[in-house]
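Here is a short tour of a protein chain, written to be read with the structure open beside you. Take a look at the whole fold before you start.

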Amino acid sequence: MVSMASEAQTGTGRLLVVDDEEPQMRALCDTLSAEGYVTAGFSSPQSALAELSHASYDLLLTDLMMPGMDGISLLAAARRVDPELVGIMMTGHGTIDTAVRAMQAGALDYIQKPFRLKAILPVLRRGLEIRRLRTENSELRFAQATIQRLNEELERRVRERTRELEVANQELALANQDLESFSFSGSHDLRAPLRTVREFCGIFLEEHGKDVPVEGRALLGRVQEGGARMSQLIEDLLAFSRFSRQPLQMNPVAFEALVRRLVEELRPKDATVDVRIGALPDCHGDASLLEQVLSNLLSNAFKFTRKTASPRVEIGSSRQGPELVYYVRDNGAGFDMKRADKLFGVFQRLHPASQFEGTGVGLSIVQRIVQRHGGRVWAESVPGAGATFYFTLAPP
Ligand SMILES: Nc1ncnc2c1ncn2[C@@H]1O[C@H](COP(=O)(O)OP(=O)(O)OP(=O)(O)O)[C@@H](O)[C@H]1O
Ligand SMILES: [Mg+2]
């Protein structure tokens, strides 16, 4: 092997020179390295191939006719090692036909011996330019393939995750359905025996009340009160269950008209509440369920301002991006924000029944209905200064 690089070499290319006539090969290597190329010369095609398997070259400049392995076979074997390698054949006189065959077999060009330096250099430059393009191309192809592989992997993971979520959602929906049908049938089945207890207690008091000592009557009175309370809880649970299950009938809803009607129905007759109704655009939803939402929020607002000197209830809205945010604000008792996470739970109350009556189901119904409409509900409050309940809905 002969390996050379000139002082002035600026990385113009690495050439593998193969010629069975050693003096010619050496002369060519000398000339080309004087031109700035890095050259490695071999007089046997096999040792050239061995060199290629552990070092990288840009261009193979090989004799066409060699004993053992001709230039065409050498180039084919070399391209199996480095598919982007550029091959140039050196031919003697009378072998032009074979040179054409060499090009058909993948050689880029051929030069005829004996050659002048002026003739080789442009061929080499073009060969090296093609090598550069081939390498860039293959890097691009590699990058493209990598991106495609990453994309496919990402898509596969997204599909997998979506499937997992769908399964989890289905399981959750089934569990919810079970829970809801249990609470519905449970509450429903409790009604009849409770009615029996209350009715027989009433009949007993009516028919035998006078024979019962006063303390005994008081105890029976407590039984009746407890029964009435339980009956209210059951009715509320059934309402909650109904509002959770009733199919949605989505239509444009005239929100302001609905609010005005409900305010008139619900405002306390024995007190003057300053009710302010702001801009209330129409929304898209189930009118009867949204009526329930507003009715529960307004009832709360009127209830929790009952002990306020100048009660005020305000209903308004604002637009936040694609969402409509409605609010019901009052200046009543308010609540401690530390307990705000309890507000929307079934039977959760932040005020004792001795101050404000109720079963603690109203807001859980509000939340369930708003969520079924794809919206959110939340509250802000300062104890003693009032509360604001917000909920979002889609515009029509
Ligand atoms: N406007 C409000 N101001 C202050 N506290 C409120 C207000 N609205 C709700 N709350 C608090 O949240 C609790 C839960 O409200 P929710 O409407 O679910 O139940 P309730 O009004 O007590 O009973 P129900 O609505 O079932 O008759 C209330 O008991 C109260 O402590
Ligand atoms: Mg309520």
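## Overall layout

Please keep in mind that this is a predicted model. The domain assignment divides the protein into domain 1 (2–115), domain 2 (165–244) and domain 3 (248–393).

Two packed helices are described by the angle between their axes and the distance between the axes. For helix α5 (residues 117–208) and helix α6 (residues 214–245), the angle is about 155° and the axes are 9 Å apart. An angle over 145° counts as roughly antiparallel, so that is how α5 is placed relative to α6.

The crossing of these two helices, α5 and α6, is left-handed. Sorted by class, the residues in the contact of α5 with α6 are twelve nonpolar, nine polar and five charged.

## The pair α2 and α3

Now turn to helix α2 (residues 45–52) and helix α3 (residues 71–81), whose axes come within 10 Å and cross at roughly 10°. Angles under 35° count as roughly parallel, and α2 and α3 are therefore roughly parallel to each other.

Which residues of α2 and α3 make the contact? From α2 they are P45, A48, L49 and L52, and from α3 they are L74, A77, A78 and V81. By class, this contact of α2 with α3 has eight nonpolar residues, with no polar and no charged ones.

## L16 in strand β2

Is L16 buried or exposed? This residue, found in strand β2 (residues 14–18), has 26 C-beta neighbours inside 10 Å; the cut-off for buried is 20 or more, so L16 counts as buried.

Leaving aside residues up to four places away in sequence, L16 touches A40, A48, E51, L52, Y57 and L60. A48 and L52 also take part in the contact of α2 with α3. Q104 is 88 residues from L16 along the chain, and their C-alpha atoms are separated by 21 Å.

## Two backbone details

Most residues other than glycine have a negative phi, and most peptide bonds are trans. The peptide bond from K113 to P114, however, is cis, with omega near -10°. You will find P114 in the loop between β6 (109–112) and α5.

F347 is not a glycine, yet it has a positive phi of about 65°. Its place is the loop between β11 (323–330) and α9 (362–372). With 13 C-beta neighbours inside 10 Å, F347 counts as partly exposed.

Technical notes:
Residues are numbered from 1 along each chain as its sequence is written. Chains are lettered from A and ligands numbered from 1 in the order in which they are written. This is a predicted model: local features need pLDDT of at least 70, side-chain atom pairs count only at pLDDT 80 or more; totals for chains, interfaces and linings use all residues. Domain bounds come from an automatic or database domain assignment. Axes are lines fitted to C-alpha atoms, for helices over the stretch in contact, and angles run from 0 to 180 degrees between N-to-C directions. Helices (H or I, at least four residues) and strands (E, at least two) are DSSP runs, numbered from the N terminus. Angles under 35 degrees count as roughly parallel, over 145 as roughly antiparallel, 65 to 115 as roughly perpendicular and the rest as oblique. A crossing is left-handed if the near helix is turned anticlockwise from the far one by less than a right angle, and right-handed if clockwise. Ala, Val, Leu, Ile, Met, Phe, Trp, Tyr, Cys and Pro count as nonpolar, Asp, Glu, Lys and Arg as charged, and the others, Gly among them, as polar. A residue is buried if 20 or more other C-beta atoms lie within 10 Å of its own, exposed if 12 or fewer, and partly exposed in between; C-beta atoms are placed from the backbone. Two residues are in contact if their C-beta atoms, placed from the backbone, lie within 7 Å.
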